[in-house]
Amino acid sequence: MLKIAPAPVRVAPLADLLAALEAAGEETRLRLLALLAEAELTVSELVAILGQSQPRVSRHLKLLVEAGLVDRHREGAWAFFRLAERTPLAAVARAALDALDPADQTIVADRARLAETRAARAEQAARYFAAHAGDWASLRRMHAPDERVEAALADVVGAGPFHAALDLGTGSGRMLELFAPQAGRAVGVDQSPAMLAVARAALERAGLRHAQLRQGDLYALPVEREGYDLVILHQVLHYLDDPARALREAARALRPGGRLVVVDFAPHDHEALRTQHAHRRLGFADAEIAGAMAEAGLEPAPRRDVAPDKGEHAKLTVSIWLGRDRRIVADSPSAPRQEVA
Ligand SMILES: C[S@@+](CC[C@H](N)C(=O)[O-])C[C@H]1O[C@@H](n2cnc3c(N)ncnc32)[C@H](O)[C@@H]1O
């Protein structure tokens, strides 16, 4: 049976609609909505972009959240804001932004400062990865042991064979080492030349000559659409400023019926991973990843957790999510493939 997610509710009570229109109908708040439509941002980033005081920006954000136009989620010492996607009033914000001239000088200037903020952050992360390219494997030992994570991952993904596998943020190349032997074609993408050098050496050591590496950005993948039956995001999402967008882009690389596997941390409170290891997010709740997968057109399977050992170093639970592209009729192996709009 083909499963289709229920359509979101698109109507709101009069009082809620009025509150939403009032919230959107002010210059700074409209500018905030335009920025939050582009990226998930913290208050301090928004303060830097808008050039207004923190209390002022916080007050406007509070109004937008209360009106159901913006989602806020707190994570350790940081709070993230993004345009609401699942409230009935989200359409109000989208409609206002659709009507806004993208060439408006104020909006253009805001977007330019947003690009600067993101570039500075990407630069900071790239410096981190360049500095740690050689010792990345040892940093991974802080988490639930690799052997157990990899065994659980192999169990979730299955033995293959795979037509084509795509490893996003390939870093050490470890996922290609694991899955490329069962794949007709295997491609790893990473933005960091230093990490790609580490991955290249790992692939050469393993004799995986059919695996290719490409330098590129996860938000604009340098690979063909609908080309892969297995796409992997292993310990990458917590570095990104827009994980949902990365998931959408990853889902576009899937063939009908293909699977996206995400491996990342369960929610935790180790701020040091932010201050010392360039993490942006302190793990992910199940609802966030499963929800983003559903919005990307995937059918999420139940999450699998791998708890850390009881040692002094390993502190973090690793979660594994799997989402299947829905463009397939699932109850009959002989049934024809069917596209879902
Ligand atoms: C934790 S590391 C490597 C994880 C790797 N999947 C593994 O299992 O070893 C995360 C990788 O994501 C890459 N990365 C971060 N942001 C990226 C982006 N926007 N586009 C492409 N690669 C990115 C980094 O360069 C880094 O190599």
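**Fold and packing of the predicted chain**

Among contacts in the chain between residues at least 6 apart in sequence, 68% join residues at least 24 apart; contact means heavy atoms within 4.5 Å. The model is predicted: local features need pLDDT of at least 70, side-chain atom pairs count only at pLDDT 80 or more, and totals for chains, interfaces and linings use all residues. Residues are numbered from 1 along each chain as its sequence is written, and side-chain values use heavy atoms, with hydrogens and water left out.

The chain holds 13 helices and 11 strands. Helices (H or I, at least four residues) and strands (E, at least two) are DSSP runs, numbered from the N terminus. Of the 341 residues in the chain, 48% are buried. Buried means under 20% relative accessible area, exposed over 50%, and partly exposed in between (1.4 Å probe, protein chains only).

Strand β8 spans residues 254-265. Of its 12 residues, 11 are buried, so β8 is largely enclosed by the rest of the structure. Strands of a sheet pair through backbone hydrogen bonds, either parallel or antiparallel. Here, two strands count as paired if DSSP finds at least two bridges between them. β8 pairs with strand β7 (residues 228-234) in the parallel sense, over six bridges. Within this pairing, Y228 has L254 of β8 as its bridge partner. β7, helix α11 (residues 243-252) and β8 form a right-handed β-α-β unit. A crossover is right-handed if, with the strands pointing away from the viewer, the path from the first strand over the helix to the second runs clockwise. β8 is also joined to strand β11 (residues 318-325) by seven bridges, and these two strands run antiparallel. D264 stands opposite S319 in β11.

V318 lies in β11. The residue is buried, with a relative accessible area of 1%. Leaving aside residues up to four places away in sequence, V318 touches H143, A144, V149, Q235, V263, D264, F265, R304, D305 and V306. V318 and Q235 are 83 residues apart in sequence, yet their C-alpha atoms are 9.1 Å apart in space.

Q235 sits in the loop between β7 and α11. At 12% relative accessibility, Q235 counts as buried. Its phi is near 55°, a positive value in a residue other than glycine. E226 also has a positive phi, of about 55°, although it is not a glycine. E226 is placed in the loop between β6 (211-215) and β7. At 41% relative accessibility, E226 counts as partly exposed.

Strand β4 (residues 162-168) is mostly covered, with six of its seven residues buried. β4 pairs with strand β5 (residues 183-190) in the parallel sense over six bridges. L168 has V189 of β5 as its bridge partner. β4, helix α9 (residues 174-179) and β5 make a right-handed β-α-β unit. Four bridges join β4 to β7, and the two run parallel. In that pairing, D167 stands opposite I232 of β7.

A three-stranded open sheet has the order β1-β3-β2, with antiparallel pairing. β1 (41-42) and β2 (70-75) stand at the edges, each with a single partner strand, so one side of each is left without a neighbour in the sheet. β2 and strand β3 (residues 78-83) are antiparallel and share six bridges. V70 has L83 of β3 as its bridge partner.

Two packed helices are described by the angle between their axes and the distance between the axes. Axes are lines fitted to C-alpha atoms, for helices over the stretch in contact, and angles run from 0 to 180 degrees between N-to-C directions. Helix α3 (residues 43-50) packs on helix α6 (residues 105-132) at an angle of about 130°, with the axes 9 Å apart. That makes α3 oblique to α6. Angles under 35 degrees count as roughly parallel, over 145 as roughly antiparallel, 65 to 115 as roughly perpendicular and the rest as oblique. E45, A48, I49 and L50 in α3 meet D110, R113, L114, T117 and R121 in α6.

Helix α2 (residues 27-38) and helix α5 (residues 90-98) pack at about 95°, with their axes 10 Å apart. α2 and α5 are therefore roughly perpendicular to each other. From α2, L30, L33, A34 and A37 meet A93, R94, A96 and L97 in α5.
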